[in-house]
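My notes follow the model below.

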Amino acid sequence: MVDQSAVGRSFAPVHAVVEPGRLRFFFDTIGEANPVYRDPAAAKAAGYAAVPVPPTYLFCLEMMDAENPFAFLEELGIDLARVLHGEQSFAYHAPVVVGDALTFASTVTGVAEKKGGALTIVDVATKVTNQDGAHVADATRAIVVRN
């Protein structure tokens, strides 16, 4: 079981490039038809340097490009079969667009027991920087572990 000793633990960073083909596949999957997300000219007219990513794409990109997307669970001794994806949020500090090379750096920020110890909530914060070292986003997620 994960305890307070996990707070502050960081994991190997994940490096990913925002590729247009994969992004189009994501848009097709979610049914996104907004021209800003589909047409580079529309994106530029809207003030973006290139086609932007939608808010939740960062989570997908981090998972897709991680050598082992569940390594942090293994490092914490958490059985994937006992995990539920809880809450997730994103705070963007700058646009993320096609062509950006991103680094995702994740750290455990909290561990709490709920339901008399039946559940453990593990909070993870991820700082996202681009190829220029600019801090472009923060993602937070709560992982629910059934004990």
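Which residues does serine 106 touch, not counting residues up to four places away in sequence? I looked up the contacts in this predicted model and found Arg9, Ser10, Phe11, Glu62, Val124, Ala125, Thr126 and Arg141.

**Serine 106**

I placed serine 106 in strand β3. I then checked its accessibility: the relative accessible area is 7%. Serine 106 therefore counts as buried, the cut-off being under 20%.

I looked next at what the side chain of serine 106 does. It makes a polar contact with the side chain of threonine 126, at 2.6 Å. I noted another polar contact, at 3.3 Å, from the side chain of serine 106 to that of glutamate 62.

**The sheet**

I traced the strand order and got β1-β3-β4-β5-β2, an open sheet of 5 strands with antiparallel pairing. At the edges I found β1 (14–17) and β2 (83–92), each of which pairs on one side only. Averaged over the sheet, neighbouring strands are turned by 25° against each other, direction ignored.

I followed one pair in detail. Strand β4 covers residues 119–129 and strand β5 residues 135–146, and I noted 11 bridges between them, in the antiparallel sense. For threonine 120, I found valine 145 in β5 as the bridge partner.

**The helix on the sheet**

I looked up what packs on this sheet and noted helix α4, residues 57–65. Helix α4 touches β1, β2, β3 (101–114), β4 and β5. I recorded an angle of about 110° between the direction of α4 and that of β1.

Notes: Residues numbered from 1 in each chain as written. Predicted model: local features only at pLDDT ≥ 70, side-chain atom pairs only at ≥ 80, totals over all residues. Heavy atoms only, no water. Pairing = 2+ DSSP bridges. Helix = DSSP H or I, 4+ residues; strand = E, 2+ residues; numbered from the N terminus. Axes fitted to C-alpha atoms, helices over the stretch in contact; angles between N-to-C directions. Contact = heavy atoms within 4.5 Å. Buried < 20%, exposed > 50% of the residue type's maximum accessible area, 1.4 Å probe, protein only. Polar contact = N/O pair within 3.5 Å; in protein donor to acceptor, adjacent residues only side chain to side chain.
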